Amino acid sequence: MSTRIALVMHDPLGSAFQACARHVLGREPDLAVFDIAPDADPPVQTGRILDWVHTRGSDEPILVLCDLYGATPFNIAVEAQRQAQEDGHIVHLLTGTNACMVLKALTDQQENPESLSERVRQGALRGIVNTEPPCDC
């Protein structure tokens, strides 16, 4: 059983990450995108996410990736997570998403949700590299 992946982000960032994953992987990525517009109604967006959550059984874990902690898309995702967990779903949520995280989530989807969540978080850190400029010696 694989973990389902959802991107809940400021519009159009989720779609951009999806396009990046399609380009890098050479296939359509197996994820759901919820781009949250500036004027979006949070309860309506929460409902959209929950509709997607309920399309399959509660035995399929879910990993939600958000862009910014504390922002509107994050708050919408937290509310959807809360309601989905009340309905018996296993939902993990990570913030600060970068391209490395999206790709790691998609390539390791078969992992159990607890280890997947941590591996995706670690993938983000490994993808952040501070390089020195070339020497003009």
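**Packing of helix H2 against the sheet**

The buried residues of helix H2 make contacts with strand E1 (4-10), strand E2 (32-36), strand E3 (62-66) and helix H3 (72-86). The model described here is predicted. H2 spans residues 42-53, 12 residues in total, and extends 16 Å from its first C-alpha to its last, close to the 16 Å expected at 1.5 Å a residue. Within H2, the buried positions are Gln45, Thr46, Ile49, Leu50, Trp52 and Val53. These residues lie on the same side of H2 because they cover an arc of only 155° around the axis. In an α-helix there are 3.6 residues a turn, so residues three or four places apart point the same way. Pro43 and Asp51, by contrast, are exposed and belong to the face of H2 turned away from its buried side.

The strands form an open sheet of four, in the order E2-E1-E3-E4, and their pairing is parallel. E2 and strand E4 (91-94) are the edge strands, each of which pairs on one side only. On average, neighbouring strands of this sheet are turned by 20° against each other, direction ignored. Strands of a sheet pair through backbone hydrogen bonds, either parallel or antiparallel. Between E1 and E2, the parallel pairing comprises five bridges, and Ala6 stands opposite Ala32 in E2.

H2 lies across E1, E2 and E3 and runs at about 180° to E2. Helix H4 (residues 99-107) lies across E1, E3 and E4, and its direction is at about 170° to E3.

Technical notes: Residues are numbered from 1 along each chain as its sequence is written. This is a predicted model: local features need pLDDT of at least 70, side-chain atom pairs count only at pLDDT 80 or more; totals for chains, interfaces and linings use all residues. Side-chain values use heavy atoms; hydrogens and water are left out. Helices (H or I, at least four residues) and strands (E, at least two) are DSSP runs, numbered from the N terminus. The expected span of a helix is 1.5 Å times one less than its number of residues. Buried means under 20% relative accessible area, exposed over 50%, partly exposed in between (1.4 Å probe, protein chains only). The arc is that of the directions from the helix axis to the C-beta atoms. Contact means heavy atoms within 4.5 Å. Two strands pair if DSSP finds at least two bridges between them. Axes are lines fitted to C-alpha atoms, for helices over the stretch in contact, and angles run from 0 to 180 degrees between N-to-C directions.
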